[in-house]
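Here are a few exercises to work through with the structure open beside you. Try each task before you read its solution.

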There are 4 protein chains.
Amino acid sequence: MLHFECDYLEGCHENIMHALIESNTEQTSGYGEDEFCARAKKLILDECKKDGAVVHFLVGGTQTNMTVIASLLKPYQGVLSAESGHINVHETGAIESTGHKVLALPGNHGKISASQVRAAMEGHKMDAAHEHIVQPGMVYISNPTECGTIYNRKELQELRSVCKEYDLPLFMDGARLGYALTAKDNDLTLEEIAACCDVFYIGGTKTGALFGEAVVITDKKYQKDFRYYIKQKGGMLAKGRLLGIQFETLFTDGLYLKIAGEAINKAELIKKILEEKGCQFLYPPQSNQLFPFIPDRWLQILQKNFVFEPWGVKKDDTTAVRICTSALTSQKNFDALCTALNELQQVL
Amino acid sequence: MLHFECDYLEGCHENIMHALIESNTEQTSGYGEDEFCARAKKLILDECKKDGAVVHFLVGGTQTNMTVIASLLKPYQGVLSAESGHINVHETGAIESTGHKVLALPGNHGKISASQVRAAMEGHKMDAAHEHIVQPGMVYISNPTECGTIYNRKELQELRSVCKEYDLPLFMDGARLGYALTAKDNDLTLEEIAACCDVFYIGGTKTGALFGEAVVITDKKYQKDFRYYIKQKGGMLAKGRLLGIQFETLFTDGLYLKIAGEAINKAELIKKILEEKGCQFLYPPQSNQLFPFIPDRWLQILQKNFVFEPWGVKKDDTTAVRICTSALTSQKNFDALCTALNELQQVL
Amino acid sequence: MLHFECDYLEGCHENIMHALIESNTEQTSGYGEDEFCARAKKLILDECKKDGAVVHFLVGGTQTNMTVIASLLKPYQGVLSAESGHINVHETGAIESTGHKVLALPGNHGKISASQVRAAMEGHKMDAAHEHIVQPGMVYISNPTECGTIYNRKELQELRSVCKEYDLPLFMDGARLGYALTAKDNDLTLEEIAACCDVFYIGGTKTGALFGEAVVITDKKYQKDFRYYIKQKGGMLAKGRLLGIQFETLFTDGLYLKIAGEAINKAELIKKILEEKGCQFLYPPQSNQLFPFIPDRWLQILQKNFVFEPWGVKKDDTTAVRICTSALTSQKNFDALCTALNELQQVL
Amino acid sequence: MLHFECDYLEGCHENIMHALIESNTEQTSGYGEDEFCARAKKLILDECKKDGAVVHFLVGGTQTNMTVIASLLKPYQGVLSAESGHINVHETGAIESTGHKVLALPGNHGKISASQVRAAMEGHKMDAAHEHIVQPGMVYISNPTECGTIYNRKELQELRSVCKEYDLPLFMDGARLGYALTAKDNDLTLEEIAACCDVFYIGGTKTGALFGEAVVITDKKYQKDFRYYIKQKGGMLAKGRLLGIQFETLFTDGLYLKIAGEAINKAELIKKILEEKGCQFLYPPQSNQLFPFIPDRWLQILQKNFVFEPWGVKKDDTTAVRICTSALTSQKNFDALCTALNELQQVL
């Protein structure tokens with residue numbers, strides 16, 4: 001079977017594997033206080049171009065979300081998020097386990113807007129009983145979202161602006177950030193994201209690394225003692241250098257955006273074939289995750305050789321599935337999928 | 001000003017005050033291990049007629065909700081509740097502060113149904129990623145609800161049945177239970193509630209007491225070490241006898257239901273006047289909390305002498321407000337309100 | 001039986017009972033936003049003479065400790081406390097339930113010193129692995145302590161000074177504060193306590209009230225949104241005026257210190273009799289809690305009529321017990337105890 | 001510099017690296033539901049020989065400790081541990097962050113005994129105020145301990161016995177388990193550990209893996225829904241196969257014990273040289289961590305080429321340091337250290 005159901009199916013990019021092999025017997029300090037991490041941080045900060053920003057490396061996304069959010073909120077505060085936000089639906093209550101409510105806002109294909117944030121803040125302030133209600137204390141977005149959509153510059157700057165007005169930290173979950181930055185519709189740079197977000201992370205796990213998320217904290221007031229949080233939440237890797245080695249590789253010679261871009265190109269081609277065949281999409285297809293409605297008779301054929309993720313929505317005789325490409329999708333698998341799709345009979 | 005905005009405006013029923021005066025210099029053990037508490041518990045259990053049930057006294061509703069829910073759930077579980085549930089919207093995230101997500105279901109005027117619970121359980125079970133999702137671990141209802149509506153016997157028995165099927169504890173917030181039990185539409189008895197719910201509480205604060213909620217745990221498997229929870233969550237009153245004295249009084253000679261019934265009678269009369277005048281209601285008026293749409297020109301007149309609670313909903317030239325009666329509403333205030341309402345000009 | 005085992009055996013002082021009776025039918029806003037609370041706060045602040053301080057009322061001690069401490073600490077911080085501190089041993093882990101470690105220091109009869117705080121802070125800072133260790137984030141003391149001892153001015157000012165140096169909030173648990181302020185050895189005033197502590201509370205429960213603790217937050221930086229904490233932790237009383245009524249009474253015409261002083265006088269006399277009889281004390285007898293070693297043959301006689309609390313320590317043929325007086329100890333009970341003690345045969 | 005300060009200085013054993021390289025482009029399911037994990041679990045269970053046991057893989061030790069302990073305790077319970085236990089001193093309050101108190105017992109060079117557990121349980125039960133005290137709910141030990149000492153069969157069986165008597169789960173932190181099992185003084189087998197402990201883990205991070213801890217839950221009653229805990233606490237690795245690949249390698253052809261045993265042999269030789277030179281040890285030298293008192297004049301010489309971890313204790317003109325060997329300590333570094341030690345002048 002050839003797998004396209006998610007973007008964490010393989011090991012890592014060959015450059016990362018080489019770096020791991022090469023460094024294997026070298027001795028370094030533990031817990032991320034090594035030269036690999038130092039160099040990787042510098043490379044990332046060079047691209048963020050945000051004075052005073054700092055970088056921390058964590059192992060996975062849920063861990064990163066809970067650690068960052070726990071560090072930003074006071075105990076009586078909650079986090080504004082799209083209803084479909086990963087923290088709201090796919091982390092087994094990790095945020096609540098740290099004592100905080102996720103304040104879910106209806107998403108527009110996974111995105112929330114500045115005006116929704118403003119309405120939430122004004123609504124809270126105006127409520128006579130506001131002390132009986134969880135206070136919105138920060139904004140969580142992901143880019144791309146769980147629906148594969150991306151934020152554009154205008155949307156992000158408006159969020160930045162409303163967050164500043166209400167003194168709310170803005171946190172971007174970038175578990176798939178590479179695929180947002182290389183999406184065809186994208187008009188944002190890493191530098192602009194660093195300028196807009198108080199905290200964001202650059203996902204490695206789904207973009208060529210074995211694992212790893214690089215958290216960038218741009219605002220000094222959220223930087224203090226962050227390593228205590230990492231340790232307490234169980235995210236401090238003993239052999240922290242593994243994160244440094246991987247991110248140093250990803251941020252050398254533009255590898256990160258290069259391989260993310262290749263995945264986007266593959267996704268664009270799949271999208272184009274599906275569109276030409278007459279498929280509709282559950283969400284606007286913008287990044288490496290596509291959510292087409294596939295005719296059930298096609299699925300019967302395709303599922304003999306390919307794995308997609310069923311997405312729980314049916315329409316007429318079609319079923320929405322998730323099809324992902326990633327930085328590690330092989331040309332061979334991709335070609336096989338294109339061929340198979342091309343051979344399918346057009347939707348009427 | 002005469003106040004009708006809520007049902008915790010005055011001190012306590014005169015019988016309670018007498019009991020407090022009489023017992024004042026008596027010496028008793030602390031923390032609820034006194035004779036007053038023992039007698040009060042017996043009186044309550046006599047009415048519940050549920051073998052093996054136990055009673056604990058706590059001070060207030062939010063405290064009770066968080067203590068009970070924390071005792072019933074495993075760390076990765078959440079509590080199913082109506083969106084409008086007190087635990088979801090008016091407890092500053094107390095439930096989340098104990099690590100649990102409130103799993104909100106759309107309410108039918110504050111009520112949730114057995115079929116919603118079933119759907120939530122089946123949906124969770126069927127989701128391939130269910131380990132990444134908070135597991136529904138119990139059901140929270142309130143009776144009356146935050147909307148003043150009540151559960152009937154059929155609804156409660158169906159909830160009982162579905163909870164049993166999925167091994168979910170059923171917890172009823174009875175902060176205003178007296179007003180449910182004496183409501184005109186009610187067909188439930190305390191005994192039936194004790195038979196259906198694993199845990200429920202009989203609210204004192206809003207029904208004639210200075211404060212106090214009597215938690216009844218009917219199922220043995222949820223009884224173990226409950227006093228540890230009370231103490232840890234800050235709910236163990238040093239002079240616990242104050243709770244015993246109050247509940248002993250309320251459950252002597254049927255005082256609790258008698259005074260709740262008087263409040264219901266008052267609410268019924270107010271409702272009748274408003275209906276006759278042509279008012280509509282935001283929620284079906286069933287208990288001591290009424291949510292009429294009051295014409296704005298009436299409000300201008302009424303608000304010179306009466307306080308209602310604005311409920312944040314407008315329709316045409318009317319505004320929804322909350323009008324409450326309680327076990328302590330004086331005849332004088334009630335008469336004044338009736339007179340004032342009767343004098344208003346009919347809605348066209 | 002006449003009870004001396006603790007200081008929360010009776011109801012309340014008669015002045016408080018009168019105030020409750022008088023106000024009983026009056027209508028007020030809920031949740032402490034009433035005129036009784038406003039007046040009580042003013043009376044307390046007038047005595048504290050600390051510009052910018054604010055007062056909040058909570059129901060009980062454990063609740064107050066967990067609420068205050070949760071509001072002062074960051075998630076990775078712990079609270080320095082004497083090993084015998086109430087938060088460390090008698091709150092069923094309430095502090096830990098909010099996510100924080102109690103960092104226990106060996107106590108000197110329940111007291112900790114500025115030099116211990118300094119050593120803890122320096123030790124933490126110097127440890128190369130300090131990010132792997134809970135960071136001390138505040139200091140908790142109680143006055144009187146669990147051992148009945150009191151802090152003098154010099155000790156408190158030194159704690160104030162070291163806390164300021166390390167930017168640690170200093171929190172005094174004053175569940176029995178009246179008995180410290182009226183102790184014979186005391187050289188502190190309420191004003192000085194307000195000047196030294198960032199947060200402290202004036203206990204009502206054990207000093208003549210039915211219940212209630214008045215939290216004074218002197219430093220502005222710890223005042224923000226404190227009512228959210230109270231609500232979330234379950235401590236916001238619906239009929240909050242009950243707290244206002246009680247503290248208004250206690251702080252009218254110096255009642256609080258007057259009745260605390262009467263309890264101290266009784267304790268002093270009991271202590272004097274015991275000392276004259278040759279008894280030794282487990283801890284220096286300084287306030288309303290005495291911990292004498294009572295000869296076992298005396299106990300056999302006394303326990304026919306009197307209840308003391310066994311304290312789990314034996315020495316030769318004596319047993320340490322706790323004997324408490326309180327603001328509500330009756331003259332009759334006190335006289336009976338004195339007579340009984342005087343009749344005992346001197347220790348050899 | 002040659003490093004001996006800890007046992008997580010290098011990457012991984014060459015066999016693991018080969019397995020990672022070989023599997024790198026293979027596609028597998030995420031979150032540990034892959035064939036590598038399945039095979040690794042089977043290999044581990046084959047050695048544990050405990051019917052009904054299950055295995056889960058987590059990334060690191062602190063994460064594992066907090067996840068396991070949170071799954072075993074009720075909210076009002078705490079965990080009995082040696083004062084020097086990793087959970088008590090080196091996890092930034094991770095256990096407390098899940099709401100639980102660590103109930104520290106004085107350790108005997110890091111070990112606690114059955115009689116201490118019994119005394120804690122009896123003391124709790126006998127205390128009249130036990131509901132006000134954290135209830136001991138489980139026992140945590142580590143083997144080897146933080147002091148490098150190991151439990152023998154008799155000690156472990158006694159712990160097993162007392163835990164069974166009080167219905168306490170027994171949890172062994174085996175972050176360095178390989179070094180206990182291959183220690184010269186050891187008389188325990190993996191099978192016996194599985195028979196005695198309700199939960200234990202086999203550490204990979206410090207024994208040749210890049211990272212990874214294999215948790216074995218032997219008792220069925222603690223197995224339910226464990227993956228929910230892993231996910232919620234942030235420990236579920238997306239590319240979970242990395243853990244499977246590593247443990248499959250470690251448990252193929254006895255590699256785990258073989259390489260642990262080599263580290264023990266190296267430690268034994270270092271210990272022998274130091275003993276012959278007259279060094280004393282802070283703790284009995286039993287496993288791969290040695291805590292010798294090194295004369296300060298030696299340290300001046302050694303620290304030019306070698307790194308040890310200062311351990312904060314001085315005696316006469318010596319300083320206690322930690323010297324570790326590990327499964328990845330190279331022969332070259334080891335020989336260099338031996339040579340350097342042998343060249344030092346004997347302690348008088």
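This is a predicted model: local features need pLDDT of at least 70, side-chain atom pairs count only at pLDDT 80 or more; totals for chains, interfaces and linings use all residues.

**Exercise 1.** Describe how helices α1 and α11 of chain D pack.

*Solution.* First find them: α1(D) covers residues 14–23 and α11(D) covers residues 241–250. Their axes sit 9 Å apart, at an angle of about 135°. Roughly antiparallel would need an angle over 145 degrees, so α1(D) counts as oblique to α11(D). The crossing of the two is right-handed. Next, pick out the contact residues: α1(D) brings Asn15(D), Ile16(D), Ala19(D), Leu20(D) and Ser23(D), while α11(D) brings Ile245(D), Gln246(D) and Thr249(D). Sorted by class, that gives four nonpolar, four polar and no charged residues.

**Exercise 2.** Take apart the contact between chains D and A, and find which helix of chain D gives the most.

*Solution.* Count the residues: 41 from chain D and 41 from chain A. On the chain D side, α1, α3 (61–72), α5 (94–97) and α10 (226–232) each supply at least two. The top contributor is α1(D), with four residues. By class, this side of chain D has 16 nonpolar, 19 polar and six charged residues.

**Exercise 3.** Do the count for chain B against chain A.

*Solution.* Here 18 residues of chain B touch 18 of chain A. The chain B side splits into six nonpolar, eight polar and four charged residues.

How values were computed:
Residues are numbered from 1 along each chain as its sequence is written. Chains are lettered from A and ligands numbered from 1 in the order in which they are written. Two residues are in contact if their C-beta atoms, placed from the backbone, lie within 7 Å. Ala, Val, Leu, Ile, Met, Phe, Trp, Tyr, Cys and Pro count as nonpolar, Asp, Glu, Lys and Arg as charged, and the others, Gly among them, as polar. Axes are lines fitted to C-alpha atoms, for helices over the stretch in contact, and angles run from 0 to 180 degrees between N-to-C directions. Angles under 35 degrees count as roughly parallel, over 145 as roughly antiparallel, 65 to 115 as roughly perpendicular and the rest as oblique. A crossing is left-handed if the near helix is turned anticlockwise from the far one by less than a right angle, and right-handed if clockwise.
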